[in-house]
Amino acid sequence: MSTEPETTEDAEPGTPTGGAEPEETEQAKEGAADAGQVSEAEAELRAQQAERERIEQRKAEKAPIESGTKLSGKAADLLAAVRAVEGGEKPSATVFEEPAPAPRRPAPEPVRRPQPVPSAETSAASSAPAPEAVQAVGRVLGEGGAPETLAPQVTEALGERADERLRADPWQLLRVAGVRPEQADGFARALLGAECAPDDERRGRAVTVWLLEQAALAGHTALEMPALLAALAQRGVPEPDGAVQDALAEGDALVFQDALEETGAPAPAQQSDAEQDDSEDEGRPVRVLVGLERYALAEESLADGLARLVNSAPKQDGSAEEWERAAAAAKGSAGELLRAVAGHGLVLHTGGEASLAEPAALLTAAHSLGLRAWAAAHGPIGRNRFAALLRSGPDGAADEDHSPVATVSGLLAGLEGPGRDAEGALDLDLLVVLDAPQLDVETAALLTESLPDGARLVLAGDPAVLWSVGPGRVFADLLAARICPQIASRRPDPGPLGELVSGIGVGELNQVEAPGKEVVIVPVRDAGEAVHRAVQLVVDSVPRAIGVPAEETQVITPGHGGAVGTRALNTALKERLNPGPGRFGGFDPGDRIVYSPVPGRALPGRVVKADAEGLHLSCEGEAVVVPKERVEQSVRHGWALTAHQAVGSRWPAVVVVLPGDAAQALSRPWVYTAFGRADRHLSVVHGVEQALPRAVAEVPAKPRTTRLPVLLAPQVDGG
């Protein structure tokens with residue numbers, strides 16, 4: 001880079017050759033929506049209750065170790081197998097490398113509550129703890145020197161007789177999201193006095209569960225035993241083996257062993273201790289895993305649901321000749337998609353933004369054949385864009401008054417979509433899930449279990465984007481498992497932006513010709529200059545040179561904190577675009593916001609007004625009222641977002657800010673996701689020099705430990 005441009009007009013068209021952006025492992029803040037939606041939320045509560053009943057039935061069939069007992073038999077043998085691994089066997093490449101927690105989630109919803117797809121309405125509908133129970137917990141917290149303001153969260157996390165449970169085991173405080181072991185240790189010392197000791201079994205058990213929860217926040221559905229034991233030792237647990245034994249014996253966690261191939265990767269079939277003889281296991285390397293029951297059972301439920309789709313014949317709507325005529329009319333990879341869906345219950349479809357025309361063609365053809373077909377997107381922006389694509393087709397499946405497109409959360413909650421049939425299944429024949437990489441194991445499990453017999457499921461998405469905020473890598477695992485047809489779109493994203501992003505997806509940061517200033521680089525030297533240039537681009541340069549107004553331009557940056565995080569950028573952008581006193585929790589009417597009712601959901605919108613009910617928002621045309629007490633936890637200004645918040649959405653213009661301190665967290669999926677949010681124009685405020693091309697070429701997605709491929713293999717015919 002030779003000179004530093006003052007405006008977009010003076011900037012250098014092309015591709016960034018330096019600068020990097022760290023991969024984000026953020027967790028979206030939790031919150032709640034309009035408490036007046038209780039009646040609508042009951043639909044989701046009933047659906048989730050049915051799912052929990054199925055999981056409980058599965059749990060009962062597994063005959064877990066009884067509470068209060070030590071491990072014996074096979075479970076004890078599994079722990080002994082760890083010693084063999086430590087004695088020289090090659091560990092798996094996927095390990096829990098970061099015992100420190102992911103960015104804290106300040107909302108009170110406890111991590112361990114078994115609600116696969118919590119929604120804002122569900123949170124509002126759930127009953128609050130009784131005041132007397134909260135007061136009792138507050139007294140215990142006060143005795144231990146902890147803030148009594150934590151009482152509602154602790155009461156909600158521990159349930160009935162929470163005060164007694166907390167007094168008997170002070171480390172139960174770790175069940176509250178955001179509490180760290182050193183904080184729980186201080187509380188325990190104050191409460192127990194001389195009885196408190198580092199080797200206390202209660203501490204080891206609680207820290208084990210806490211580490212597994214932190215692993216889930218980092219995307220793992222389970223941890224390999226050596227990694228868990230090492231993390232326990234780092235947290236000052238003197239006998240890690242005993243701590244894991246206690247957690248397993250109390251039913252706080254489950255243990256598994258998966259057969260390994262010679263390469264150290266999981267074999268294509270599960271080695272179940274209930275099904276394999278000792279003689280078969282002898283001498284065969286295994287991968288020993290420990291996971292929270294919640295995610296383990298969700299992953300197994302997902303495997304069951306996917307196997308049901310793969311192994312059963314789809315409902316015959318339309319003759320084979322009719323499907324073939326529709327496929328021939330669609331042509332290319334769209335035709336291949338129709339042919340695959342005609343004969344299979346589960347199909348995967350991969351491609352970029354342009355490839356969405358193929359699921360749109362599928363939905364249109366399905367409607368013409370008489371199928372009840374719906375699509376579900378990750379968020380409302382993606383939903384509305386796909387609905388517009390359907391309407392623009394020659395034989396569109398949507399009109400202004402009715403569009404067969406919902407959000408995943410709205411579909412599961414019963415707030416959008418076709419509703420449920422008499423048996424509680426979704427009332428449809430075909431479901432196309434867009435943005436499939438954003439499905440975590442719990443959401444995916446609930447989706448598959450909600451499909452009626454004979455239904456078809458298409459999972460469509462771009463495998464190069466960031467994975468889900470929640471645990472698992474469902475789409476990537478399914479692509480690797482190869483248990484169903486996979487259709488790769490041959491429609492490239494057009495123009496200089498499409499060329500740039502496609503190259504990033506394969507690890508190449510190419511120089512592209514951008515005669516229309518589709519890609520502009522703005523080098524900066526420090527954080528202050530980065531903020532100044534970002535604001536200048538949004539407020540002045542992009543509207544003037546590109547013709548995209550500020551309200552249609554989105555800023556994307558690595559994280560929330562720091563000198564160039566979303567908070568700093570949003571403060572600067574608000575001063576220029578909508579100055580005001582921020583009388584309601586820092587917000588004013590007209591402020592651009594992002595509303596995060598639950599982890600993994602980010603709904604861009606604007607503030608309409610504030611009154612006694614709360615903060616009134618408009619999120620892609622949907623009215624939302626956030627109660628006053630939830631505003632701080634669930635609403636942020638939204639002129640600037642993180643890449644995880646932006647995934648699944650696109651804007652006419654995007655300004656990506658790459659500050660110099662972001663290089664260490666940079667990854668190819670982050671850059672691909674951030675750059676790929678732009679439709680017409682991308683400006684890169686560039687401060688990390690050669691870290692950007694290095695990350696695109698050398699830093700893939702961080703590995704996640706999951707069991708889905710192993711679970712699928714024995715359940716699928718021919719596996």
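The protein chain exposes about 28400 Å², and carbon and sulfur atoms supply 49% of that area, where accessible areas come from the Shrake-Rupley method with a 1.4 Å probe and, for residues, only the protein chains shown count as cover. This is a predicted model, in which local features need pLDDT of at least 70 and side-chain atom pairs count only at pLDDT 80 or more, while totals for chains, interfaces and linings use all residues. Residues are numbered from 1 along each chain as its sequence is written, and side-chain values use heavy atoms, with hydrogens and water left out.

**The whole chain**

- The secondary structure comes to 27 helices and 20 strands, which are DSSP runs numbered from the N terminus (helices are H or I with at least four residues, strands E with at least two).
- Of the 719 residues in the protein chain, 57% are buried, a term that stands for under 20% relative accessible area, with exposed being over 50% and partly exposed in between (1.4 Å probe, protein chains only).
- Among contacts (heavy atoms within 4.5 Å) between residues at least 6 apart in sequence, 78% join residues at least 24 apart.

**Helices α12 and α18**

- The residues of α12 that meet α18 include Tyr295, Leu302 and Arg308, and among their partners in α18 are Val441, Ala445 and Glu449.

**Alanine 662**

- Alanine 662 lies in the loop between β19 (651-658) and α25 (668-675), and this alanine counts as buried because its relative accessibility is 3%.
- Although alanine 662 and alanine 691 are 29 residues apart in sequence, they are 9.1 Å apart in space, C-alpha to C-alpha.
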